[in-house]
Amino acid sequence: MNKRNKKSLKFLLTIRVIAIFGIFSMISLILVTLISSKSVSNLVTELIESRIDFIKTYCDEKNRLISEFDDSNIIKIARYQVSLILKTLHEEKKMDFLFLDHKGIIKIHVKGELINKKINNEKIISMLSSIPKDGKKYIKEIDDKVVFFSYYKKWKLFIIYIALEKEILAPAYQIRNILFLISFIVIAIAFFLAEKYAVKISKPLEQISLISSQVIEGQNKFKWPKANSLEVERLIHLLKELLEKLFDKNEKLKEKNLTLEKLLQKAEESNRLK
């Protein structure tokens, strides 16, 4: 086998192995990205909804105090304490919640200066009338924002959380980037393994090709390669059987030729004597 054929064989084997690894890696990446993006977005949504439930539970506790004492000051204190909870969520979890009435007036917020002022988003205000007042959680997309609504019946206020769409998807994007990096590493490893695998496979095939050339030249002693796979082992076994049969027939032909030559010599000698 000449150098050009050796390189061609090695190149084809390398391309095939890379193609297999590459296709497998890309399919895995796409599937994992789709699944992880969806699941991570759902986790973020569930986290926000759980915070809304937490705020409602805290409000229920304060509401029991209000029902025991019919005092406007108690209501102010309760709402102030709720605003402290919102402040904690803002500082520790970077989450901004607010309470709105049906007109879009802010009633409870981390920033005291915004209390009793209308929220600066007309689309949210217009949407308040369409949100059912059943206490369930609703999610609406407004421009580039995702808005969580839940009506708190006891205070007749809406609990609102406004998130940028990228904030919801940011963890999913991070995971996607990590997966892309992993995929790149896997493909790089595939190139390395493909090169090693191609050398491993092509080496015995090159030796078998050399034996074929030696057979054509008339040689009958060969250095057989070590089988590094079941397929190569079978190929070597078949070639050995084939060559044994070939040499056996060749020997028989030689014997027949010798016999014929002797007969011809005897015939010639007989003709001479006559």
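Helices (H or I, at least four residues) and strands (E, at least two) are taken here as DSSP runs, numbered from the N terminus. The model is a predicted one, in which local features need pLDDT of at least 70 and side-chain atom pairs count only at pLDDT 80 or more, while totals for chains, interfaces and linings use all residues. Residues are numbered from 1 along each chain as its sequence is written, and side-chain values use heavy atoms, with hydrogens and water left out.

Five helices and five strands make up the elements of the protein, in the order α-α-β-β-α-β-β-β-α-α from the N terminus on. Of its 274 residues, 30% are buried (under 20% relative accessible area; exposed is over 50% and partly exposed in between, with a 1.4 Å probe and protein chains only). Among contacts (heavy atoms within 4.5 Å) between residues at least 6 apart in sequence, 53% join residues at least 24 apart.

Turning to helix H4, this element spans residues 165-217 and includes Ile189. Ile189 counts as partly exposed because its relative accessibility is 44%.

Asn116 sits between strand E2 (106-108) and helix H3 (122-128), and its phi is positive, near 70°. With a relative accessible area of 52%, Asn116 is exposed. Lys156, in the loop that links strand E4 (145-152) to strand E5 (157-164), likewise has a positive phi, near 55°. Its relative accessible area is 62%, so Lys156 counts as exposed.
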